[in-house]
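Please look through the chain shown here before reading on. The report is meant for someone who meets this structure for the first time.

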Amino acid sequence: MAKTRLEVNISLDQPGKRTGDILMRWSNNARPLGVYLMPIACIVGKPGPTALLVAGIHGDEYEGPVVLSRLIDEIDPERIDGRLIILPAINNPAVLASQRTSPLDGCNLNRAFPGDPNGGPTDMLADFIVSVLLPEADLVIDLHAGGKASIFATAALATRSDDHDLMQANLQLARAFGAPFIWILGAFNDTRSLNAAALQASVPMIAAELGGGGGADPTQVSIAMLGVKRCLSHAGIISDALPEPVEPILVETRSSADNVYAPTSGLFDRHFSAGDKVKAGQLAGYIRPIERLEDVSVSFHFAVDGYVLAHGNRGYVARGDMLAMLVCDIDK
Ligand SMILES: [Zn+2]
């Protein structure tokens, strides 16, 4: 197997707290002989499990980077039993550009796993996570949000597995995170995601969706700070006294056809919010003409009973844009 071309300039083993970079050489017109730098922190305490904490896979989702930056500040290596490897902006070129995909090659990192050490920047990053970091990890937390394009209800995402122990470990992490929703990822999960790579490597993992809009909402940041700490406490890495998690609603995607997509282009006049419980036939909103006011507004409705896990956050939508992502109770 080819070896990663990326290098880390700090020790991931020595006790204490260190920050540094993952160095990626990618020779283009902008930076022919320089490197692209992905920030990394490593906090090593007494012997114990390793948690890999990731944010910024999508560059316009800033809640996770804020949470992990705060954690790097707060966590005292003297007070932990284990090791934290923290990547607050793993797709740093995208984070600096405030865009979902990499400005270096236009690719979506969460559709690039398991990656390729000899591929472009996005493939090299995915491969580095899979070949260098995942083998070190006893658990993974990957923080996402809706970015500029959408708003999610606060959710922990656990991948379904035929391996009973792994499934239980994923569920326990999701419960510990304490978001109001647990979204079970099954057949509809993309097999090129970090969740899929962790499943393949049999490493317990959750992702989280934390609102969205392209900034960092303080309520979502607080929920996620507490959520990550409860997961670390569940793993025995920290021993802080933390409030109990809420009782979650377990949901799953039944069919992409349950989602609502824009029937035409126009203003998105939305009549619901992320997290709402909705009924089949319920009015969801209107697409209103703005270019030709004499055109008629088009109403749209929910096709099924369920919960709105996410909604589009664009004021003007094109035909086919996601307006509402629908999930159903797991028991049904
Ligand atoms: Zn994301």
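The model is predicted, and its protein chain is divided into domain 1, which covers residues 7-251, and domain 2, which covers residues 255-329. Taken over C-alpha atoms, the centres of domain 1 and domain 2 are separated by 30 Å.

At the boundary, 14 residues of domain 1 are in contact with 17 residues of domain 2. Between them the two domains bury about 1,200 Å², and 71% of this area is on carbon and sulfur atoms. Within the area that domain 1 buries against domain 2, Ala149, Ile151 and Val251 supply 36%, which is more than any other three residues. Between domain 1 and domain 2 there are three residue pairs in polar contact, counted where both residues have a pLDDT of 80 or more, whereas the count of salt bridges between these domains is zero. On the side of domain 1 that touches domain 2, at least two residues each are supplied by strand 7 (150-152), strand 9 (181-185) and strand 11 (249-252). The residues of this side of domain 1 divide into eleven nonpolar, two polar and one charged.

Turning to the aromatic rings, the count comes to five aromatic pairs. One of them joins Phe268 and Phe300, whose ring centres are 6.1 Å apart and whose planes are at 40 degrees, so the pair is tilted; planes would have to be under 30 degrees apart to count as stacked, or over 60 to count as edge-to-face. Because Phe268 lies in strand 13 (residues 266-270) and Phe300 in strand 16 (residues 298-301), the pair ties together parts that are 32 residues apart in sequence.

The backbone also deserves a look. Most residues other than glycine have a negative phi, and most peptide bonds are trans.

Ser98 is placed in the loop between helix 2 and helix 3, while Ser202 lies in the loop between helix 5 (194-200) and strand 10 (205-209). Where is Pro114 found? Pro114 is found in the loop between helix 2 (92-97) and helix 3 (121-133), and the peptide bond that leads from Phe113 to Pro114 is cis, with omega near 5 degrees.

Conventions:
Residues numbered from 1 in each chain as written. Predicted model: local features only at pLDDT ≥ 70, side-chain atom pairs only at ≥ 80, totals over all residues. Heavy atoms only, no water. Domains from an automatic or database assignment. Contact = heavy atoms within 4.5 Å. Buried area = accessible area lost by both parts, 1.4 Å probe. Salt bridge = Lys/Arg side-chain N within 4 Å of Asp/Glu carboxyl O. Polar contact = N/O pair within 3.5 Å; in protein donor to acceptor, adjacent residues only side chain to side chain. Helix = DSSP H or I, 4+ residues; strand = E, 2+ residues; numbered from the N terminus. Nonpolar A, V, L, I, M, F, W, Y, C, P; charged D, E, K, R; others polar. Phe/Tyr/Trp six-rings, centres within 6.5 Å; stacked < 30°, edge-to-face > 60°.
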